[in-house]
Amino acid sequence: MRPDHKRTKGELNMAEKKKHTTLSGYELKRVYTEDDIKGKDPKTQLGEPGHFPFTRGIREEMYRDGRLWTMGQYAGFASAEEANKRFRYIIDQGGTGFSVALDLPTQMGYDSDDTMSEGEVGKVGVAIDSLADIEALFKGIPFEQVRQIRTTANANSIIMLAFYVAFAKKNNIDPNTIGFFLQNDILKEYMCRGTYIFPPAAGVKLSVDVLEYCGKHLPHWTPIAVSGYHIRDAGATAAMELAFTLADMIEYYDAAVKRGVDIVAATANSYFFLGAQLDFLEEVAKYRAARRLYARIMKERYHVTAEEAQRLKIFAFTSGSALTAEQPINNIVRVAIQTMAAAAGGIQTFHASSYDEAISLPTQEAVTVSLRTQQIVGYESGLTETVDPLGGSYAVEALTNAIEEEVLALLETIEKNGGALKCIEEGFQQRMLADNAYKYQKSVDKKERIVVGVNEFKDGKPIEPAQFTVPEDVAIKQTAKINNLKAERDNERVKRALAAVEKAARNDENLGEYMIEAVSAYATLGEICGVLKEVYGKYTPMKIY
Amino acid sequence: MVKVLIAKPGLDGHDRGAKVVARAFEEAGAEVIYTGLQATPDEIAEIAAKEKVDAVGVSLLSGAHNTLMPKVVDKVKEKEGMDNTVFILGGIIPQQDIPGLMEKGVSGVFGPGTPLDEVTEFTFEQVALAKAEDMAEQALTDMANKASNI
């Protein structure tokens, strides 16, 4: 900075900042040159787009053939009927997929009338108690226009699978024609997200049941989206995000291989669900490193030669923790930057958050802006016209290598200590996340990191009231629905189906078919989970902070 | 030493904020107990009374605050010697819900982005006030007792 340069109001002296670090703490150099990628052969490190190790993307043409990423929105709240309206709106507006957000009781296996569900019914997503709710949820949806339906089903993923299959069968739809996308990643729930039901080992068993069932019967479904998103939002660095995700994946895939599951069939459609944070270059590098690491692990650890199973498909979701309640309109810009990073990083499915999400669930207007943000990046920015547009940038390649190296080191530590499950049981990942989250908050408090509108450039205005409110009567309506259902259904059939689920669980069989029969008989989610708790027990949470 | 219970009632699993605030209290010199996820209001009250905490910090991001927070406050205050406990709430709490929560006995509500010092200093101040109130009440009782002895 020139000594005579006068700072204008609202311009910070960046030289006062001690370090030039990325969000994950990598120190950035003034300038990057060929010296920074010395010893790394571009042929083996990068390869061609669409080919091993897929650093430059999983398709030769990427977005150039007009096929942009699947644009989805996280929607689903209150009752199935309300959520149904929002889904139809999204499809009408040109969306090609949507997410069924489930409320917390549904995610944790409680019916809406359970005392544990008090205050939570229909709050962060839709309440699903039985197949009757799924029927209301999907009423009149033009399935031929839907490319992907995502569900945040983890502890209950085998039951959600059963709901969807039972629904499709009842309506004479081939379940394989709908691209259902299950999250089905239980391990990160113990690490950070918190919607577990059973102890971790049983949780892994059920996740692998889904992998096995889809591999055999539902090859077009996505049986798992191993999730780094929540890990990142719980405080991880980019390297921790990838390392913990890959370690979880290894836990599932190893278990699947042990059962004799065809790993190519079971995982060819699987995804990684990753965050999209604000540090643009670092995020681009992260997606590139993720693909290279995945391809190499599939090849070296699982001896997979089929390219379709070496390709890592990425579902990116803009980081909720990057949104601010202060000056919420600014979040549109943040989301746009995150969207650009994801596009330059070559992702396959994307969700852009709505600008008002730090205040409440998003309003329709905000949801539309976030869809338009994706469309503007996709169709107007030019970023999608060339494949891996930042490939070859010294800085991006150096960051890609740095993230990869750190991930490999962390993976080695986890493997040495018995793998992801064992480490989670001991609280290793939880401890690292808590430490890093605290470190980050301190750096914001000390203004080492600037968050516009929060610790600098404040306008002093109070936080705006929430525009979106959830009706409080959902629990009452759901309870009435459950009571009617229990009076009308064939209770003998329910009993038999639940007994069969319990027996299969005790015999350690794959529970898929038993679950489909149970939900077809209109057994409730709570009833099914109740039976499984008898077999597996309940998880007691850790208290690490 | 000030004793603080950080609690996560309900089914909400977003505990980054709760953990960061717990650590901040510890670093600011308080003794901290963390409930872990899915604590029921009864369990929170049990722990609060058993540990004789000065303040209970509740974290809620699932939208269940209007149902759960008043329950936590009532259950804790029902316990013997706990009616001057300080309650703070953190999470995504819509502005329009705050007055109602304050009326129910919450001293402060902190949204995302609040500096940690602000949370700890506010709480310590409230605890000091509550302790002073306790002492004043005690003094009045003592005086009344003495008076009746005369």
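Start at B:G57: its bridge partner in β4(B) is B:I88. This is a predicted model, in which local features need pLDDT of at least 70, side-chain atom pairs count only at pLDDT 80 or more, and totals for chains, interfaces and linings use all residues. Residues are numbered from 1 along each chain as its sequence is written, with chains lettered from A and ligands numbered from 1 in the order in which they are written.

**The sheet**

Select β3 (55-60) and β4 (86-91) of chain B. They pair in the parallel sense over 6 bridges. Strands are DSSP runs of E of at least two residues, and helices are runs of H or I of at least four, numbered from the N terminus. Two strands pair if DSSP finds at least two bridges between them.

Now widen to the open sheet of 5 strands. Its order is β2-β1-β3-β4-β5 (chain B), with parallel pairing. β2 (31-34) and β5 (108-110) are at the edges; each has a single partner strand, so one side of each has no neighbour in the sheet. From one strand to the next, the twist averages 20 degrees.

**Helices on the sheet**

Angles run from 0 to 180 degrees between N-to-C directions, with axes fitted as lines to C-alpha atoms, for helices over the stretch in contact.

Next, α3 (65-78) of chain B. It lies across β1, β3 and β4 of chain B, at about 165 degrees to β3(B).

**Helix α1(B)**

Select B:16-27. α1(B) has 12 residues and reaches 17 Å from first C-alpha to last, close to the 16 Å expected at 1.5 Å a residue; the expected span is 1.5 Å times one less than the number of residues. 10 of the 12 residues are buried, so α1(B) is largely enclosed by the rest of the structure. Buried means 20 or more other C-beta atoms, placed from the backbone, within 10 Å of a residue's own. Just after the helix, B:G29 takes a positive phi of about 100 degrees.

**Across to chain A**

Show α16 (428-445) of chain A. It packs against α1(B) at about 75 degrees, with the axes 9 Å apart. The two helices are therefore roughly perpendicular (65 to 115 degrees). A:A434, A:A437, A:Y438 and A:Q441 meet B:R16, B:K19, B:V20 and B:R23. Contact means C-beta atoms, placed from the backbone, within 7 Å.

Finally, take the whole interface: 37 residues of chain A are in contact with 29 of chain B. α16(A) gives the most to chain A's side, with 5 residues.

Key: Parallel < 35°, antiparallel > 145°, perpendicular 65-115°, else oblique. Contact = placed C-beta atoms within 7 Å.
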